[in-house]
Amino acid sequence: MGRQARDRRENHPRPVQKIELNARHTKVRLALAFLFLIVGVGMIVYSLSGRPAVEAGWTEIEALSKEANCATDFTFLYPLGTLDSPVAEQRALVSLYTEACEDAYRIFTNDVEYENEHNVRYLNAHLNEEIEVDAALYAAFEEIAGSEDRSIYLAPVYEVYDGIFYCVDPSQTVDFDPRQNESLRAWCAKACVYASDPAQVDLELLKDNRVRLKVSEDYLSFAQAEEIGSFIDFYWMKNAFIADYLARRLEEGGYSVGTLSSFDGFLRNLDASMDTDYSLNLYDRVDDDKETGNPIRQAAVLHYQGGRSIVCLRNYPLNTEAGRYYC
């Protein structure tokens with residue numbers, strides 16, 4: 001009976017009662033509301049005043065992302081205020097540049113295989129299969145094929161070669177330096193024979209962004225015995241193609257000015273006109289500079305106009321991240 005009575009009460013709720021508001025403390029409530037409003041506005045003004053002002057002119061645009069991306073390899077400079085207010089333009093550029101850096105990493109990396117991205121790592125894991133790749137990756141493969149350069153096939157040698165830069169003591173280099181290690185020298189020579197022979201390894205371009213990484217049975221046997229997992233890798237050329245990719249994405253977004261430069265020496269100007277004057281400082285390493293104590297000196301200045309693609313070879317580290325590639 002108690003449950004039935006409770007059910008009936010829930011199915012037939014009591015009528016809404018009218019409650020009259022007490023107006024005795026209206027002035028106090030209004031005063032408190034006004035005080036809270038003043039405090040809230042003050043906090044907003046304080047937070048905004050603490051932010052650095054965004055001014056027109058050349059500014060470094062940084063990618064803001066927690067995902068893997070290529071932004072750490074690049075510096076992107078842009079003259080804010082060219083198309084819109086500096087604040088609005090910076091916001092739009094950061095968003096576009098961040099997305100482009102994330103996409104570029106996924107497309108060109110040989111380190112990570114993504115579920116829905118047929119990148120370089122994916123091709124190395126799916127040999128002798130016809131695969132559709134991103135248009136930007138296909139265009140890079142086309143450019144390499146047109147140059148008849150087969151450096152991309154030296155992936156096994158790159159893996160060994162790169163290890164020498166992680167050594168902290170000269171005695172460790174013997175495991176990675178063919179000049180010191182006779183067995184490693186013989187291994188590299190054999191790997192280079194495979195890499196130089198299109199009959200052993202070759203990337204077929206099948207049109208419509210479809211490719212096939214062909215590897216012979218002989219090379220596959222050698223790779224399995226030597227635990228080789230990569231047959232192609234852009235390696236030193238990667239940032240050159242990424243610079244072009246980032247520039248194209250920015251241009252498609254409506255930004256036709258600015259400068260992209262990578263720590264390993266690739267520079268690309270997004271200048272559709274020939275009116276802008278640029279200056280590029282060229283430096284050199286001095287083994288013994290007793291006057292300044294600085295091992296790096298400015299050797300020359302390159303002056304040029306408009307859009308350019310420039311490659312700089314350095315014998316000194318540009319930043320701490322690149323320091324391991326120099327001795």
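## Salt bridges in this model

A salt bridge here is a side-chain nitrogen of Lys or Arg within 4 Å of a carboxyl oxygen of Asp or Glu. By that criterion, Glu130, Glu132, Glu204, Arg210, Arg212 and Lys214 are joined in a network of salt bridges, and a search of the whole structure finds 14 salt bridges.

The model is predicted, so local features need pLDDT of at least 70 and side-chain atom pairs count only at pLDDT 80 or more, while totals for chains, interfaces and linings use all residues. Residues are numbered from 1 along each chain as its sequence is written, and side-chain values use heavy atoms, leaving out hydrogens and water.

## A pair between two strands

Within the network, glutamate 204 bridges to lysine 214, with the closest N and O atoms 3.6 Å apart. Glutamate 204 sits in strand β4 (residues 201-205) and lysine 214 in strand β5 (residues 210-215), 10 residues apart. Strands (E, at least two residues) and helices (H or I, at least four) are DSSP runs, numbered from the N terminus.

Glutamate 204 is partly exposed at 23% relative accessible area, and lysine 214 is partly exposed at 37%. Buried means under 20%, exposed over 50%, and partly exposed in between (1.4 Å probe, protein chains only).

## Two pairs involving helix α9

Glutamate 99 and arginine 249 meet in a salt bridge of 3.1 Å, N to O. This pair links helix α3 (residues 86-108) with helix α9 (residues 238-252), 150 residues apart. Glutamate 99 is partly exposed at 41%, whereas arginine 249 is buried at 15%.

Aspartate 244 bridges to arginine 268, the closest N and O atoms being 2.6 Å apart. Aspartate 244 lies in helix α9 and arginine 268 in strand β7 (residues 266-269), so the pair ties together parts 24 residues apart in sequence.
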